[in-house]
Amino acid sequence: MKVGVLSGGGDAPGINAVFRAIVRKGIQNYGYEIVGIRDGWRGLLEGEFLPLNLNTVSGILPRGGSILGTSRTNPFKREKGPETILENAEKTGIDAVVVIGGDDTLSVAYKMGDFGLKCVGIPKTIDNDLAGTDYTFGFNTAVAIATEALDRLHTTAEAHNRVIILEVMGRYTGHIALEAGLAGGADVILIPEKPFDIDEVCEYIRRRQERGRNFSLIVVAEGAKPKSGKEIVYSESIDEFGHISLGGVGYFLGKEIEKCTGIETRVVVLGHLQRGGSPTAFDRILATRFGIAAIDLVHEGKFGRMVAIQGNKIVSVPLKDVVGKRKTVDLELYEIANVFFG
Ligand code: F6P
């Protein structure tokens, strides 16, 4: 049996740990051949592969990025894309593909099932917004980095009596903003699930001033929007899955806050620091468990499914129940964070 493995979409710390687990168990326990597919679906479309063996995956457990690269290629946007993928899989002798991705990449895996490609999915995105799983790998690392950033911003905000806004990733959901905000003691957390009222934000800051706290830390997810407006777009260009590039809500907020409170305000956009570098221990373990579970599913012939973590158990769910859905933040957790606003 020859098993292909690819990772598509934005990278997330832990991808290499998944490859390592698939290769180790696939070769040692099942006697499979494992083929790496370059740059997500692009590699299957254009026939670019890298055979993986025990040595190629040695030493990659703590490494960020992806040794196979990644891309946002959508085969369904290419002329005869799905057919070309099948042809290339057949030519290379690939019997099944383990697909690591967020909603876009996994929805291609689901649709390719109808064309006869045997796929198993693994949930990956720092945004943690995939349905069917409590966690995606990469999220814990992003939260750790954003929390450390908040700790550092705290001391300088306090020293200068400033408002500092930390803009974090989270296109449609505020998981990173909420968890990092809670862990880092943010004074206000703004997320896409709850459009914000700028007067209310300013009121929290004033409330702190009344208590003699002349500085404030705000965490905002890039997809958060004012009650009376839309999300703020960084660039109008649209990727192959139809997404625009978000970013800039922090600067919008900064100006508004300076206007209404008169307090000097600074903005930090954390950006790709959240995605780069070494995964946390939690993400290394989760990525490893996902990789092992995925190759086990292949061995059991259970295709069209995604591995997931529910509670602390690794399970699998049908891809059809997951794609096109979105896991939003737990509003009870937001209520807890709310106790500390202002
Ligand atoms: O991986 C998802 C994500 O982190 C989103 O939160 C963000 O909007 C997007 O990636 C940005 O990715 P890129 O800069 O690679 O287009």
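In the predicted model, the crossing of helices H5 and H6 is right-handed. Helix H5 spans residues 139–160 and helix H6 spans residues 175–183; their axes come within 8 Å and cross at roughly 45°. On the H5 side, the contact is formed by Phe-139, Ala-142, Val-143, Ala-146, Thr-147 and Leu-150, which meet His-175, Ile-176, Glu-179, Ala-180, Gly-181 and Ala-183 of H6. These contact residues comprise 8 nonpolar, 3 polar and 1 charged.

Two further helix pairs were examined in the same terms. Two packed helices are described by the angle between their axes and the distance between the axes. Helix H1 (residues 15–28) packs against helix H9 (residues 281–300) at an angle of about 40°, and the two axes are 7 Å apart. H1 and H9 are therefore oblique to each other, and their crossing is right-handed. From H1, the residues Ala-17, Val-18, Arg-20, Ala-21, Ile-22, Lys-25 and Gly-26 take part in the contact; their partners in H9 are Arg-284, Ala-287, Thr-288, Gly-291, Ile-292, Ile-295 and Asp-296. By class, the residues of this contact are 7 nonpolar, 3 polar and 4 charged.

Helices H7 (residues 198–210) and H8 (residues 249–261) pack at an angle of about 60°, with a distance of 10 Å between their axes. H7 is accordingly oblique to H8. The crossing of H7 and H8 is right-handed. In this pair, Ile-198, Val-201, Cys-202, Ile-205 and Arg-206 of H7 meet Leu-253, Glu-256, Ile-257, Cys-260 and Thr-261 of H8. The contact of H7 with H8 contains 7 nonpolar, 1 polar and 2 charged residues.

Attention then turned to the ligand. The residues surrounding the ligand are Arg-72, Ile-126, Asp-127, Met-169, Gly-170, Arg-171, Glu-222, His-272 and Arg-275. Among these residues, Arg-72 has a side-chain N or O atom at 2.9 Å from an oxygen atom of the ligand. For His-272, the distance between a polar side-chain atom and an oxygen atom of the ligand is 2.7 Å. The side chain of Arg-275 likewise places an N or O atom 2.9 Å from an oxygen atom of the ligand.

Key
Residues numbered from 1 in each chain as written. Predicted model: local features only at pLDDT ≥ 70, side-chain atom pairs only at ≥ 80, totals over all residues. Heavy atoms only, no water. Axes fitted to C-alpha atoms, helices over the stretch in contact; angles between N-to-C directions. Helix = DSSP H or I, 4+ residues; strand = E, 2+ residues; numbered from the N terminus. Parallel < 35°, antiparallel > 145°, perpendicular 65-115°, else oblique. Left-handed = near helix turned anticlockwise from the far one by under 90°. Contact = heavy atoms within 4.5 Å. Nonpolar A, V, L, I, M, F, W, Y, C, P; charged D, E, K, R; others polar. Near = heavy atom within 4 Å. Polar contact = N/O pair within 3.5 Å; in protein donor to acceptor, adjacent residues only side chain to side chain.
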